[in-house]
Amino acid sequence: MRLLFVSITLLCFCVSNLYSQSYSQSDANKIQDLKSKIVDQKSSENTPEINGSFEAQSGKSPALAALFSLVLPGAGHFYLNRMDVGKYFLGIDAASWIGLASLEVYGNNVRDDSRKFSVEHAQVNDIDNKPDTYFGNIGSYANVYEYNNAMLVKGDYTSLYDANKFYWNWDSFNNQQIFETQRRNSERIYDSKVIFGSLLVANRIVSAISAYLIASSKPTKKTSLHLEPELLYKNNYSVDGIKINLSKNF
């Protein structure tokens, strides 16, 4: 800015000395030529500045950016060099996977503890090869005989258990309730996984939409400051002064 100010001042000083007297028509033509050169120079200087004042997306495909984000949230933003936005989607995705895995491990531990408890207090055997419905039934009936009688009353003969293979008999009602509480807790933990599963899906959709909109958005104009000197002339083409135009683009 200082160099520009000094240059403008020297230019004014030199021009004032050159045009301190009256001028012939030929001199006036020279001044007109000088003015045209200054205008042309301003245009050539401003043109690249205008062209360079936009941030384009370098022809990146919106559909491809959205597809990347559907596969991995934030990947589309990485493709667009916009990880300032994509890092949040990537962080949410990582946190969701951690939450999902944590609930899976915790639910398995609670379920295994309840089944081991049934082995100790209900004489259940071979717990690894029993269906989940079996453990639901042993939490509701004191023993296998009580369960089979209930099925006979209902006429549901297909649900009867082989007493030797699916045997159980609780040593106390209190232990049966402890088992049932643990079993239901494990189910609630498993059901809670749907929260993180839904978050994984929603995060991908929102990330894909965000990447698509960023790639499809029109170029944004940078803020720039322009300082443009302009010579002022009298009717006889002598220099009357200098005017500095200051403009700011948003």
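Colleague: Which residues have the most contacts inside the largest nonpolar core?

Modeller: The model is predicted, so local features need pLDDT of at least 70 and side-chain atom pairs pLDDT 80 or more, while totals for chains, interfaces and linings use all residues. Residues are numbered from 1 along each chain, and side-chain values use heavy atoms, without hydrogens and water. A nonpolar core is a set of buried (under 20% relative accessible area, 1.4 Å probe, protein chains only) Ala, Val, Leu, Ile, Met, Phe, Trp, Tyr and Cys residues joined through side-chain atoms within 4.5 Å. The largest has 17 residues, and those with the most contacts inside it are V124, Y134, F135, I138, Y161, W168 and W170.

Colleague: Which element gives the most to this core?

Modeller: Helices here are DSSP runs (H or I, at least four residues) numbered from the N terminus. Two or more residues come from each of α5, α6 (132–138) and α7 (144–154). With four residues, the one that gives the most is α7.

Colleague: How do the directions of α5 and α8 relate: roughly parallel or roughly antiparallel?

Modeller: The axes, lines fitted to C-alpha atoms over the stretch in contact, are compared by N-to-C direction on a scale from 0 to 180 degrees. Those of α5 (residues 83–122) and α8 (residues 173–216) come within 8 Å and cross at roughly 165°. Angles over 145 degrees count as roughly antiparallel, and therefore α5 is to α8 roughly antiparallel.

Colleague: What percentage of the 250 residues count as buried?

Modeller: The protein comprises eight helices and, as DSSP E runs of at least two residues, four strands. Of its 250 residues, the share that count as buried is 28%.

Definitions and conventions:
Angles under 35 degrees count as roughly parallel, over 145 as roughly antiparallel, 65 to 115 as roughly perpendicular and the rest as oblique. Buried means under 20% relative accessible area, exposed over 50%, partly exposed in between (1.4 Å probe, protein chains only).
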